[in-house]
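The following note sets out points for a colleague who has the model at hand. It is arranged as numbered paragraphs.

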Amino acid sequence: MSLEQFKDRNVVQNYVHIPVDKPPQKPMDKFKQVVRRTFKGELFVGLWVVFREMIKRDFHTVKYPLEKLPISPRYRAVHKLYRLLESGNNRCIGCGLCEKICIANCIRLETRYDEKQRKEVTEYSINLGRCIFCGYCAEVCPELAIVHGQRYENASEQRAHFVLKDDMLTPLDFLKEGKQEEFPGFGAVSPNADERIKKTPTAY
Amino acid sequence: MTTTGFIIATIIKILVVLGLFSALAGFGTYLERKVLAFMQRRLGPMHVGPYGVLQVLADGIKLFTKEDIIPQNAVKPIFMIAPIIGAATAFIALAAVPILPEFEIFGVKVHPIIADINVGVLFVLGVMASGLFAPLLAGMASSNKWGLLGAARTAIQLLSYEVVTGLSILAPLMLVGSLSLIDINNYQSGGFTDWIVWSQPVAFVLFLIAGFAETNRTPFDLLEHEAEIVSGYATEYSGMRWGMFFIGEYANMITLGFLASLIFLGGFNDWGFIPGGLAIVLKVSFLFFFFLWTRAAWPHVRPDQLMWLCWKVLMPIAVLNVVVTGIVLMM
Ligand code: SF4
Ligand code: SF4
């Protein structure tokens, strides 16, 4: 399945109702059914179908740890913290909205004023043991700083892994190589955001 | 041949058959997984060795090193002996099966049959049927509900198909006039058109159906159907004891393949340009493949449907077949 198909959420469900005959009641009818089914060759249709699939060699196995299926950009897995593209600074302004909205109460951030009296986030952690991956934090963030990543394999030796600021923040060299891709998923601005902006009432 | 020579030759044959067929039975599990996987659009075992061929070895190591658990309330001696019955009967049945045509090695003429007894068919079928004691005893001795259900189903199965096997094979035996598998084989030595399957197609189909029940393969795998009774008679078994049931099952499949090819498909007679030894291997391989093929394609039946099928449909047909064959023979 290609990613495009996978992202298409407007799936039409083409259910077909298959009529089921009433089971025969009289012995003679039962006998007739057996004879009909025996000589209809349905069993051989079954044999042919599986044989056809075998010689087609059209396998659908995904060798999981070695290859993975594409997942939707809206998938909500372990969080990531993004950096500003030009300066490389942490996008998070420490507003605390994510901490406030988190319904599982699992985000914790510590802030302080730096030398230039700007707010700086010193510590940012998510307790994944409690996070329900609802995506509210990504949706509420005004700076698109906290987003959901695509990493769903969160098995580790320590519960604290993945979720400290250092783990989530885009590494600087990664950013310099231009590999930090804008998050298209939950809470992100839509591609046609500019067109959809309305003037505020004070303008007229 | 002197007596000592005969004994030595027989022992060698026994060892070869035992070694070869347990290896083949092991390899059969690999083939089964592979064929089933391909038919279900999967890859099957892929990681141990090239294309997973060494999977059998890995499984063997696993089975041998597993703990041999005997449940607390099980009837211990019977529980322990049941899998051995399963494997042993499967191999004993092979003793009367001529595996290849006669050949010469180091100037010695070899008959690739351990015991050429004159009631070969009877012996093979009898021993294979007594192999059903293995699941019966195993299920009843393991003090487990699923095991008991599996054992009950074994009894049902035995009662159902045994009649059909006997009656279906009666008609070809009437044609040949001998119970020795070698005689049956020689009867068909005239080539492709001499195969008994052409004169006895009904008996062939009936024998195959009964054979599926005999080896408890898919349309009739009631004894250990996972979806219904966990693992049936084998629920409580682990390690090598469990493995022995399966070696027995696969050896039985091979034996049945040999029986069907010897009785109906021309046995080890030369088939056109194909020499007899290769011909029988091809036939048995095809029948083995057919076992796996049906497993991928067909759903399985309920116990009551099996009884219904065997007693009300197959047995009358078999009897009719025997009667018609008798009338034709007398005319
Ligand atoms: S996804 Fe939901 S539960 Fe998890 S940190 Fe964000 S707001 Fe909290
Ligand atoms: S909502 Fe966004 S900017 Fe505000 S504290 Fe959370 S991550 Fe930082």
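How many nonpolar, polar and charged residues does the lining of the largest pocket have?

1. By class, 30 nonpolar, five polar and nine charged residues form that lining. Ala, Val, Leu, Ile, Met, Phe, Trp, Tyr, Cys and Pro count as nonpolar, Asp, Glu, Lys and Arg as charged, and the others, Gly among them, as polar.

2. This is a predicted model, in which local features need pLDDT of at least 70 and side-chain atom pairs count only at pLDDT 80 or more, while totals for chains, interfaces and linings use all residues; side-chain values use heavy atoms, with hydrogens and water left out. Residues are numbered from 1 along each chain as its sequence is written, and chains are lettered from A and ligands numbered from 1 in the order in which they are written.

3. Chain A has a mean pLDDT (the predictor's confidence in each residue, from 0 to 100) of 80, and 89% of its residues reach 70 or more. Within chain A, confidence is lowest in helix 1 (residues 3-7), at a mean of 63, and highest in helix 4 (residues 97-101), at 91. Helices here are DSSP runs (H or I, at least four residues), numbered from the N terminus.

4. The largest pocket holds about 2200 Å³ of space. A pocket is an open set of points on a 1 Å grid over the protein atoms alone, with protein on both sides within 12 Å along at least five of seven lines; a cavity is a set where a 1.4 Å probe fits but cannot get out, and lining residues have an atom within 4 Å of a point. The pocket is lined by 44 residues, with A:V34, A:R37, A:T38, A:L43 and B:L309 nearest its centre. Helix 2 of chain A gives the most to this lining, with twelve residues.

5. Helix 3 of chain A packs against helix 1 (residues 3-39) of chain B at an angle of about 95°, with axes 7 Å apart. Axes are lines fitted to C-alpha atoms over the stretch in contact, and angles run from 0 to 180 degrees between N-to-C directions. Helix 3 of chain A is therefore roughly perpendicular (65 to 115 degrees) to helix 1 of chain B. A:V50, A:E53 and A:M54 meet B:V35, B:F38 and B:M39 in this contact (heavy atoms within 4.5 Å).

6. The largest cavity has a volume of about 150 Å³. Its lining comprises 13 residues, with B:P135, B:N216, B:F245, B:E249 and B:N252 nearest its centre.

Key: Points joined across faces, edges and corners; volume = space filled by probe spheres on them. Helix = DSSP H or I, 4+ residues; strand = E, 2+ residues; numbered from the N terminus. Parallel < 35°, antiparallel > 145°, perpendicular 65-115°, else oblique.
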